[in-house]
Amino acid sequence: MGKNMLKVIASNIFFVATSKLGREIHKVFTQHQEQKQVIVTEDMLQKLPDPVKRYLVYTGVVGKPIVQKVRLKQAGKIRKDAKKAWMKFEAKEYYSVSPPGFVWIAYMIFFGCPLIRVRDYYLEGKGNILVKVYSLFTVANSEGKEMDQGAMMRYLNEMMWFPSAFLGNNVSFESIDANSARVTLTDMDKSVTATMYFDDEGKLTNFIAPRYRDLGNDKFELENWSTPIREYGEFEGLKLPQKGAGVWNLKEGDLEYIDVTVTDLKYNPDEPY
């Protein structure tokens, strides 16, 4: 099959794919949000563990509104495991803060065409990953309590791109030491807990937590998961992680499975991309 034919196929099925995705994105964008704009003050930080307080000051959230909706773009590479080749991808992601939710749509690029689509979401306490070829043929559709936990943990991790959400009533912290703290997110009567690590300047440097790994065929393993941050950038007037990785810390050794760069980020947008 030639390159031009692949592009024709991809374009012809694009409209089929976007209809359902559009509904999911619309749901995230129209979930209940706080109607009153709340500005972050220094007083809001006083009861937080010192490293978390230092982190939020570093990001620059003080004096800025608490974010309710987010959209962002990413680019990078991804693989299933160490035996698989890296694949380039481009992604768009949408978040709601109150209640928490996200939809992530990534396209794996082959010969310049988006031939594999991965949609990951967390909505109303449920997680789901749907993988399609040509955005039409389903090759994976993972759901269940393990996916719920994994998606909820992913959301907690990615709050680093809208850190004012760490001030929500559904988030709590426990001090560990001068450069780390435990964070817990509660939603739909369920909770996930992770450890956040910070440097002396206030940068978040890593996030480590137990998370279910999808092995395929409805098999899951609870593994240590980490997301080391490699570079910061400025978005919406804040200092936020721009480049990082996802790593499974397995008994046989670390498996880095995604390398990601944020290329665009917008708070409280009127509409999706």
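Started with the lining of the second largest pocket: I count its residues as 16 nonpolar, eleven polar and four charged. A reminder to myself before going on: this is a predicted model.

**Entry 1: the pocket**

How much space lies in the second largest pocket? I get about 640 Å³. The lining takes in 31 residues, and those closest to the pocket's centre are Glu34, Ile66, Gln68, Leu167 and Gly168. I also looked up which element gives the largest share of the lining, and that is strand E7 (residues 171-177), with three residues.

**Entry 2: Glu34 and Gln68**

Glu34 sits in the loop that runs between helix H1 (3-30) and helix H2 (50-59). Gln68 is in another stretch of loop, between H2 and strand E1 (69-78).

Is Gln68 buried or exposed? With a relative accessible area of 12%, it is under the 20% cut-off and so counts as buried. Glu34 comes out at 47% relative accessibility, so I put it down as partly exposed, the class between 20% and 50%.

Next I listed contacts, skipping residues up to four places away in sequence. Glu34 touches Gln68 and Ser98. Gln68 has Gln33, Glu34, Tyr95, Ser96, Val97, Ser98 and Asn268 on its list.

**Entry 3: the bond at Ser98**

The peptide bond from Ser98 to Pro99 is cis, and its omega is near 5°. As a rule, most peptide bonds are trans. Where is Pro99 found? I place it in the loop between strand E2 (87-96) and strand E3 (101-110).

I also took a distance back to the pocket residue. Glu34 and Pro99 are 65 residues apart in sequence, while their C-alpha atoms are 9.3 Å apart in space.

**Entry 4: two positive phi angles**

Most residues other than glycine have a negative phi, and I noted two places where the angle goes the other way. Glu124 has a positive phi of about 50° without being a glycine. It lies in the loop between strand E4 (113-123) and strand E5 (126-133). Asp218, not a glycine either, has a positive phi of about 60°. The loop for Asp218 is the one between strand E10 (204-216) and strand E11 (219-226).

How accessible are they? Glu124 is partly exposed, with a relative accessible area of 46%. Asp218 reaches 67%, which is over the 50% cut-off, so it counts as exposed.

**Entry 5: helix H3**

Helix H3 covers residues 145-158, which makes 14 residues. From first C-alpha to last it reaches 20 Å, close to the 20 Å expected at 1.5 Å a residue. How many of its residues are buried? I find 13 of the 14, and H3 is mostly covered.

Asn157 is a residue of this helix. At 5% relative accessibility, Asn157 counts as buried. Leaving out residues up to four places away in sequence, Asn157 touches Phe207, Trp225 and Thr227. Asn157 and Asp189 are 32 residues apart along the sequence and 19 Å apart C-alpha to C-alpha.

**Entry 6: the nonpolar cores**

Which residues touch the most other members of the largest nonpolar core? Leu156 and Phe162 do, in a core of 63 residues. The largest share of this core comes from strand E14 (residues 253-267), with seven residues. There is also a second, separate core of ten residues, with Val28, Val103, Ile105 and Tyr107 among them.

Back to Leu156 for its contacts, again without residues up to four places away in sequence: Phe166, Val183, Leu185, Val192, Ala194 and Phe207. Phe207 is a name I had already written down for Asn157.

**Entry 7: Arg211**

Last stop was Arg211, which is in strand E10. Is Arg211 buried or exposed? It counts as buried, at 10% relative accessibility. Its contacts beyond four places in sequence make a list: Gln149, Gly150, Met153, Arg154, Glu221, Leu222, Glu223, Trp225, Trp248 and Tyr257. Trp225 is also a contact of Asn157.

Note on methods
Residues are numbered from 1 along each chain as its sequence is written. This is a predicted model: local features need pLDDT of at least 70, side-chain atom pairs count only at pLDDT 80 or more; totals for chains, interfaces and linings use all residues. Side-chain values use heavy atoms; hydrogens and water are left out. Helices (H or I, at least four residues) and strands (E, at least two) are DSSP runs, numbered from the N terminus. The expected span of a helix is 1.5 Å times one less than its number of residues. Buried means under 20% relative accessible area, exposed over 50%, partly exposed in between (1.4 Å probe, protein chains only). Contact means heavy atoms within 4.5 Å. On a 1 Å grid over the protein atoms alone, a cavity is a set of points where a 1.4 Å probe fits but cannot get out, and a pocket is an open set with protein on both sides within 12 Å along at least five of seven lines; lining residues have an atom within 4 Å of a point. Grid points are joined across faces, edges and corners, and a volume is the space filled by probe spheres set on the points. Ala, Val, Leu, Ile, Met, Phe, Trp, Tyr, Cys and Pro count as nonpolar, Asp, Glu, Lys and Arg as charged, and the others, Gly among them, as polar. A nonpolar core is a set of buried Ala, Val, Leu, Ile, Met, Phe, Trp, Tyr and Cys residues joined through side-chain atoms within 4.5 Å.
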